Amino acid sequence: FVRMFIQVCLYFYCKCLWRCLKFVVRKLTGQCELQRICYNTKPGAARTMKIEASLKGSKSKRLQTSVNVHPDAIEKTIDDIMELKRINPDVNPQLGVSLQACLLQIVGYRNLIAEVEKLRREPYDSENPQHEEMLLKLWKCLKPNSPLKARISKQWCEIGFQGDDPKTDFRGMGLLGLYNLVYFAEWDTEVAQQVLTDSLHPKYREVTKKELSQLSIAEWEKKKFDKAIGYSFAIVGINITDLTYNLLVSGALKTHFYNVAPEAPTLTHFQQTFCYLMHEFHKFWIDEDPLDIMEFNRVREKFYKRILRQLQNPEMALCPHFAASESLINM
């Protein structure tokens with residue numbers, strides 16, 4: 001009880017002290033916190049995240065709710081903020097522009113979560129012609145020279161599905177998993193096909209004497225192949241969709257999106273991020289050199305933590321100019 005009482009006292013003390021400090025700084029500089037952030041912080045995640053924290057932490061309900069407005073109401077919201085803070089827009093024209101850009105990113109991120117969540121919750125329906133068309137497009141992009149003999153076929157295993165009918169594999173991520181796989185295969189075709197090939201056909205490699213002395217016969221039989229130990233391409237793609245989704249809803253991707261999207265981040269930004277993470281996970285898997293697919297969860301968790309560490313840097317942009325990497329083609 002005493003510890004809790006002390007923590008409560010410290011909380012209110014710090015909160016009051018912080019508000020007093022803000023009041024003193026405003027009197028000394030003649031600028032409110034929003035002005036200081038916009039004028040002293042360069043555009044991008046650092047500025048937008050500070051603006052977001054300032055608005056959410058304000059004692060004014062109007063400022064707190066400004067991060068949840070509809071995109072069409074942003075201009076009016078900016079006018080309300082300027083009026084509430086007694087800022088003359090004619091004297092500070094750039095402030096309104098900066099605040100608008102930040103609010104577009106903040107509101108856009110929230111809307112993107114809603115859009116992604118809607119796709120994740122929508123199950124794959126084999127009776128829906130659009131769903132079926134997308135699934136067939138995935139096959140055509142990945143295996144253009146191998147016609148699909150039937151809708152229910154063992155051939156689906158060739159691109160990493162678990163059974164004869166891929167629809168059962170989309171249960172965890174719904175249509176979102178299919179959307180991401182199709183985007184990767186259609187817009188980053190060369191890399192997607194190369195990753196698929198690597199996952200199916202690992203190349204032979206030499207095993208060093210040191211490795212050989214530390215391995216059993218069974219382990220050596222597995223290790224004597226290339227580091228690109230096979231995995232199920234489509235299943236891993238759905239799993240990386242889940243990883244990307246978790247980064248989004250946790251807020252970790254704010255750093256990346258606020259740095260790459262000049263205004264509101266869109267579904268395309270999310271899908272480009274997925275493609276980047278698929279590419280990076282493939283390289284990470286090879287570098288980790290796992291013994292077999294049973295180590296997938298360990299490698300995935302380690303990869304996830306590495307991405308989280310990168311996103312803690314406010315200047316981080318995972319794929320600032322998204323394009324397929326030529327390095328993978330030459331591996």
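Hi everyone. Two notes on the ground rules: residues are numbered from 1 along each chain as its sequence is written, and side-chain values use heavy atoms, with hydrogens and water left out. Because the model is predicted, local features need pLDDT of at least 70 and side-chain atom pairs count only at pLDDT 80 or more, while totals for chains, interfaces and linings use all residues.

Let's begin with helix 12, residues 233–249. Helices here are DSSP runs of H or I with at least four residues, numbered from the N terminus.

Now, is helix 12 enclosed or open? Of its 17 residues, 12 are buried, so helix 12 is largely enclosed by the rest of the structure. Buried means under 20% relative accessible area, exposed over 50%, and partly exposed in between, with a 1.4 Å probe and protein chains only. Among the buried ones are Phe233, Gly237, Tyr245 and Leu248. After the helix comes glycine 251, with a positive phi near 90°.

Next, the rings. A pair of aromatic rings is described by the distance of the centres and the angle of the planes. Rings of Phe, Tyr and Trp (its six-membered ring) pair if their centres lie within 6.5 Å; planes under 30 degrees apart are stacked, over 60 edge-to-face, and the rest tilted. The whole structure has 15 aromatic pairs. In one of them, tyrosine 183 and tryptophan 187 have centres 6.4 Å apart and planes at 40°, so the pair is tilted. Both sit in helix 8, 4 residues apart, about one turn of the helix. Tyrosine 183 is buried at 13% relative accessible area, whereas tryptophan 187 is exposed at 59%.

Another tilted pair is tryptophan 285 with phenylalanine 296, at 6.1 Å centre to centre and 45° between the planes. Tryptophan 285 lies in helix 14 and phenylalanine 296 in helix 15, so the pair ties together parts 11 residues apart in sequence. Both residues are buried. They also belong to a cluster linked by ring pairs, with Tyr231, Phe281, Phe284 and Phe303.

On to the cysteines. How many disulfides are there? The count is 0, taking a disulfide as a pair of cysteine sulfur atoms within 2.5 Å. The sulfur of cysteine 32 is 8.3 Å from the closest cysteine sulfur, in cysteine 38, so it is too far for a bond. Cysteine 32 is buried, at 2% relative accessible area.

What about the core? A nonpolar core is a set of buried Ala, Val, Leu, Ile, Met, Phe, Trp, Tyr and Cys residues joined through side-chain atoms within 4.5 Å. The largest one has 84 residues, and Ile51, Leu138, Leu178 and Leu247 touch the most other members. Helix 6 gives the largest share, 11 residues. Domain 2 (31–121) and domain 3 (129–312) both contribute, so this core lies between them; the bounds come from an automatic or database domain assignment.

Finally, two loop residues. Arginine 86, between helix 5 and helix 6, has a positive phi near 55° and is exposed at 71%. Aspartate 289, between helix 14 and helix 15, also has a positive phi, about 55°, but is buried at 15%.

Conventions
Expected span 1.5 Å × (residues − 1).
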